[in-house]
4 protein chains.
Amino acid sequence: MIVILNHKTKKEDVSHLVGEFEQMGLRVNLSEGENTTILGLIGDTSKLDIDVLSGFPFVESVKRVSEPYKSANRKMHPEDTIVNAGGVKIGGENFCVIAGPCSVETEEQIIEVAQDVKNSGANMLRGGAFKPRTSPYSFQGLEGEGIRLLLEAKKATGLPIVTEIMNLNYLDFFADVDLIQVGARNMQNFDLLKELGHSDKPILLKRGLANTIEEWLMSAEYIMAGGNKNVILCERGIRTFETCMRNTLDISAVPMLKKLTHLPVIVDPSHAAGLSWMVPPLARTAVASGADGLMVEVHNNPAKAWSDGAQSLNPAQFDELMTDIKRRAEFESRPIAANK
Amino acid sequence: MIVILNHKTKKEDVSHLVGEFEQMGLRVNLSEGENTTILGLIGDTSKLDIDVLSGFPFVESVKRVSEPYKSANRKMHPEDTIVNAGGVKIGGENFCVIAGPCSVETEEQIIEVAQDVKNSGANMLRGGAFKPRTSPYSFQGLEGEGIRLLLEAKKATGLPIVTEIMNLNYLDFFADVDLIQVGARNMQNFDLLKELGHSDKPILLKRGLANTIEEWLMSAEYIMAGGNKNVILCERGIRTFETCMRNTLDISAVPMLKKLTHLPVIVDPSHAAGLSWMVPPLARTAVASGADGLMVEVHNNPAKAWSDGAQSLNPAQFDELMTDIKRRAEFESRPIAANK
Amino acid sequence: MIVILNHKTKKEDVSHLVGEFEQMGLRVNLSEGENTTILGLIGDTSKLDIDVLSGFPFVESVKRVSEPYKSANRKMHPEDTIVNAGGVKIGGENFCVIAGPCSVETEEQIIEVAQDVKNSGANMLRGGAFKPRTSPYSFQGLEGEGIRLLLEAKKATGLPIVTEIMNLNYLDFFADVDLIQVGARNMQNFDLLKELGHSDKPILLKRGLANTIEEWLMSAEYIMAGGNKNVILCERGIRTFETCMRNTLDISAVPMLKKLTHLPVIVDPSHAAGLSWMVPPLARTAVASGADGLMVEVHNNPAKAWSDGAQSLNPAQFDELMTDIKRRAEFESRPIAANK
Amino acid sequence: MIVILNHKTKKEDVSHLVGEFEQMGLRVNLSEGENTTILGLIGDTSKLDIDVLSGFPFVESVKRVSEPYKSANRKMHPEDTIVNAGGVKIGGENFCVIAGPCSVETEEQIIEVAQDVKNSGANMLRGGAFKPRTSPYSFQGLEGEGIRLLLEAKKATGLPIVTEIMNLNYLDFFADVDLIQVGARNMQNFDLLKELGHSDKPILLKRGLANTIEEWLMSAEYIMAGGNKNVILCERGIRTFETCMRNTLDISAVPMLKKLTHLPVIVDPSHAAGLSWMVPPLARTAVASGADGLMVEVHNNPAKAWSDGAQSLNPAQFDELMTDIKRRAEFESRPIAANK
């Protein structure tokens with residue numbers, strides 16, 4: 001960590017500060033320029049709080065040299081983490097596809113979609129039971145009943161299931177869920193993250209709408225610090241000034257994360273743009289980017305039902321997408337595992 | 001609501017859609033151009049889901065004409081709402097100042113700061129007990145004990161207290177808190193908002209880091225839809241591309257909110273820039289913008305302690321700020337109420 | 001175009017406005033709701049100025065239904081445009097690669113790089129002669145001499161050349177340049193765009209740092225409105241809140257542009273992230289996204305020279321990238337043309 | 001400047017680099033940690049190019065400690081600069097108001113508006129002759145004739161004039177213009193800035209839509225490096241994710257600029273939000289922020305004419321605003337100079 005002092009800092013303030021750092025077990029390298037004094041702190045600075053340090057009246061700025069996350073850091077753990085979610089391996093050489101409707105609606109619907117996506121080659125079933133909606137007047141999901149229906153679909157097809165948690169009190173509902181999703185809006189719901197850190201369930205952590213990659217990794221760190229190492233990151237588009245798409249897919253987050261962390265990274269092309277016709281091209285870029293998988297929205301009848309959004313594929317479109325994605329995953333030497 | 005159809009939409013699809021809208025009790029005005037057909041929907045469209053409508057294959061886009069929030073909407077409730085928080089009136093002609101440290105540290109500290117800010121004319125005491133920190137390795141607050149110490153400070157000074165809630169299970173801790181803060185990171189923690197909607201406590205709802213004004217009002221609507229009308233909005237800076245300040249204060253949010261909603265609006269200049277020297281000028285713009293109050297971080301000894309950030313004023317700086325702000329509030333004919 | 005009137009608009013104001021529109025040859029469809037009156041304007045609204053219309057005191061908002069660009073619009077021109085730049089075909093089934101140094105430095109350097117990138121299979125040579133630098137104290141390019149050296153490299157290798165124009169007075173220098181680049185910072189330098197509209201040279205129009213796709217297409221429209229239809233668009237990353245990369249590559253811009261316009265679209269992965277190690281993965285996503293080509297920075301000796309940035313590949317790295325990209329372009333059935 | 005090396009950097013590479021820096025006249029302070037080696041460079045680093053340095057394979061990152069601008073830097077020039085524009089003093093204790101229409105339309109119009117704004121107390125007249133329009137099909141301004149009409153209005157009222165330049169070839173038209181505006185879209189049109197640096201005319205430099213404060217000061221530096229020290233900065237709103245206003249006024253830019261530079265800073269509340277009703281509250285925040293003046297759009301007949309936008313005040317509204325602003329400027333002890 002580097003601490004840059006104001007050029008008017010008094011000698012005694014400098015010595016006092018250096019003393020404080022040394023008491024904390026840090027080695028301090030002092031560099032005095034004409035206009036600035038720079039302290040280089042050597043040792044474990046992970047407990048130093050940048051905001052606190054910046055608060056000193058004679059500190060001009062503080063710059064971190066090493067990353068503030070440890071468990072998630074590839075430097076500390078060079079090998080790829082492979083998360084086992086209900087038998088599906090995510091990370092490493094594997095490429096996985098998760099598919100299903102935005103919301104679970106009926107037993108018939110979810111089982112039909114589950115069979116369709118399984119037939120097309122998806123590895124896991126997604127479906128929303130607890131739905132984070134911007135408006136309190138929008139459909140909030142079938143809640144506990146939705147999870148029950150997902151479990152029926154799992155029984156019928158053998159596909160492991162993924163669904164979102166919004167409330168740490170409902171963790172019991174998720175006992176048989178294979179992969180628990182934390183949505184973008186809860187990426188910094190730290191109490192929820194802590195609770196999940198004490199679980200041993202795989203967690204799918206979506207990126208917040210306007211969160212930096214470092215903040216995202218710090219949220220993964222919250223879960224990992226509690227003992228749960230089974231974290232998968234999911235890029236789903238960030239908020240920018242552009243208005244012709246709902247969000248802007250940050251595809252460069254994938255190679256950046258691959259460098260910074262050993263955790264698996266998947267891409268959600270459905271939420272990224274919010275436009276179904278854009279799902280296939282964005283899915284193709286995700287495969288090429290080095291991502292470990294895809295999460296895609298599929299609805300059995302988007303045209304008839306009042307129940308699905310602008311971003312869902314129908315089963316035929318999904319099947320066509322899977323044909324393409326399988327070829328591409330093979331091209332990347334990361335074949336999609338066949339369903340049993 | 002306006003629904004714009006693709007220019008290749010078949011006659012029968014148009015009639016089918018019109019029929020569906022009419023069955024929902026809406027009147028439909030059909031306008032056919034050379035390249036587009038436009039449906040104007042007249043009536044209560046608040047239950048129509050834009051995402052669902054946009055999902056129809058022949059729908060090009062959907063544009064909302066009326067606001068999706070009702071309880072928070074000034075059109076439905078033209079008079080300013082005045083929230084009574086522990087005897088302090090927020091909104092209307094009143095200008096209020098909330099002050100105190102980022103975190104509660106010790107009984108001595110919080111009582112000393114409370115007396116200092118009271119002497120300078122603050123109306124309420126703030127202090128963090130549960131702290132949302134980006135890093136799991138940073139100090140997470142004194143939690144329940146922090147609230148106990150705030151209540152001691154309230155007893156010692158008579159100042160009502162404000163503190164942040166992060167977990168709906170901890171609502172019991174807040175029984176004697178006068179104003180419950182929902183932080184920026186939880187602005188779309190919908191389960192927490194719903195829970196607070198069933199409380200009768202005044203709620204201070206901070207804007208999310210990258211949330212639009214409409215999303216913010218929809219989060220207020222979540223609380224109000226549950227029956228709790230005591231919501232105060234707090235602008236605290238948004239995330240932009242600028243890097244020389246922590247966030248960018250969106251001062252224009254104040255007049256915009258004053259037009260759209262009847263709820264009180266206050267400004268937090270401390271978190272907005274993250275720089276203590278910038279608190280006074282930003283506080284001045286807040287008074288001039290028509291805001292109903294300020295929330296300012298004050299620490300009794302930022303220079304000695306390892307416990308406070310770059311954004312806190314010391315009591316002397318706060319006293320100087322209050323002298324200035326009092327003059328300005330009077331200039332605006334919105335005097336700060338004297339403490340009893 | 002849809003004009004939404006304030007619900008208190010007087011009957012006579014509505015009739016007056018309708019009359020004005022009808023005089024302009026537009027048909028007006030009137031839709032009166034309880035709270036709003038909506039005018040649907042049918043006919044050629046491309047000359048109506050949204051800002052002007054919005055200025056009327058009783059107009060609440062104006063929403064455009066059809067795109068404001070014509071020449072660039074795929075609806076008016078469904079076939080892909082193929083631009084011929086010095087014999088290289090850009091657009092359609094072709095995939096092209098442009099490579100070369102950020103700045104032209106010496107005759108030796110530019111000829112060496114040109115030969116290297118040609119050997120690796122690049123179709124065109126890029127090199128900066130006039131350099132847009134944030135600081136007036138940074139190297140501003142060799143200017144006219146830089147173009148002379150590029151022409152030497154063209155003579156030596158046969159590669160057509162691309163270089164940036166910053167000043168409409170210098171158009172004469174570009175007489176033998178095959179493709180003229182307009183940089184991100186000049187995307188809305190409208191006088192420069194108009195001047196280039198009167199030229200018949202192919203133009204490579206980079207996206208501005210924080211410009212929407214619609215604004216970008218309007219800048220292309222400026223050039224095309226002057227008669228020059230040879231415009232190629234280049235996505236090079238946009239500005240967001242993220243700080244661990246210089247810019248955020250907006251890969252979704254590629255499929256969106258492919259839908260909206262018939263113009264060719266290429267991707268610059270070097271400027272997008274500003275990090276040389278990230279060029280290969282981003283280039284891979286560009287091929288998968290459906291882009292028509294790549295523009296990549298290559299320097300012959302990044303490690304020794306004080307002359308190149310964090311984003312350049314050396315010739316060996318570029319050669320390795322080309323081996324990969326060739327396979328991928330073939331996979332997409334869009335082979336890179338061989339050099340003669 | 002601080003250079004952070006990769007932890008695997010070889011001893012000889014470190015020595016080589018240190019040698020290079022020393023040859024450039026810099027003193028190097030070497031600090032070796034377990035994981036990183038840090039070089040602190042002491043001396044004049046303004047010519048070092050961060051991008052070049054970052055390009056070295058063993059350099060992890062480079063952090064600037066001192067600002068890259070000199071002429072604009074308050075550290076080098078602590079006193080406020082006061083620019084004299086046609087007799088109006090901008091900066092220091094003065095508060096100035098510039099007003100007038102978006103576009104010059106007719107002699108009658110511009111003279112009428114000029115007299116109106118003069119009567120209300122404006123110090124300068126603004127009016128667009130060359131108009132930067134997003135669409136090539138929108139009105140592009142009266143160009144040279146517009147400037148002639150502005151000069152007529154100047155003759156009629158005595159008000160000095162401000163108008164925008166878009167093309168360095170048209171500098172002759174501006175011979176009698178008192179203050180030349182560089183618009184947001186040309187903030188990084190470096191050739192235009194260089195040309196204006198050789199002029200002795202006062203320059204009003206608007207902030208680019210998504211430019212940082214540092215980039216803005218570097219553009220001021222371009223003008224000043226050429227010898228022209230008469231630069232005034234104008235904040236006019238930045239681009240964010242918010243959609244209910246055209247731009248987001250960055251009011252915190254004013255105190256930040258006042259700290260970083262000695263140049264005058266004014267605020268344009270008309271372009272910031274793009275909504276006329278929001279001009280008065282934003283103007284009030286500008287006065288309170290410490291700005292040196294305002295630039296406001298006023299049109300003599302926004303309701304009748306097809307010639308003005310959503311953001312203009314009519315003369316009566318402007319007169320009311322001026323009454324308010326005069327009181328506020330006096331409150332700040334920065335009275336608006338009376339017109340002669």
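Analyst: **The contact between chain A and chain C**

Arg328(A) and Glu332(C) are joined through their side chains by a salt bridge, with 2.7 Å from N to O; the term requires a side-chain nitrogen of Lys or Arg within 4 Å of a carboxyl oxygen of Asp or Glu. The model is predicted, so local features need pLDDT of at least 70 and side-chain atom pairs pLDDT 80 or more, whereas totals for chains, interfaces and linings use all residues. Residues are numbered from 1 along each chain as its sequence is written, chains are lettered from A and ligands numbered from 1 in the order in which they are written, and side-chain values use heavy atoms, without hydrogens and water.

Between chain A and chain C there are four salt bridges in total. Six residue pairs, both at pLDDT 80 or more, are in polar contact across this boundary; such a contact is a pair of N or O atoms within 3.5 Å, where within protein one must be able to donate a hydrogen and the other to accept it, and residues adjacent in sequence count only if both atoms are side-chain atoms.

On the side of chain A that touches chain C, helix 7 (253-260), helix 9 (279-289) and helix 10 (315-331) each supply at least two residues. Helices here are DSSP runs (H or I, at least four residues), numbered from the N terminus. Helix 9 of chain A gives the most, with six residues. By class, this side of chain A holds 18 nonpolar, seven polar and nine charged residues; Ala, Val, Leu, Ile, Met, Phe, Trp, Tyr, Cys and Pro count as nonpolar, Asp, Glu, Lys and Arg as charged, and the others, Gly among them, as polar.

In extent, 34 residues of chain A and 34 residues of chain C take part, contact meaning heavy atoms within 4.5 Å. The two chains bury about 2900 Å² between them, 72% of it on carbon and sulfur atoms; this is the accessible area (1.4 Å probe) lost on putting the two parts together, summed over both.
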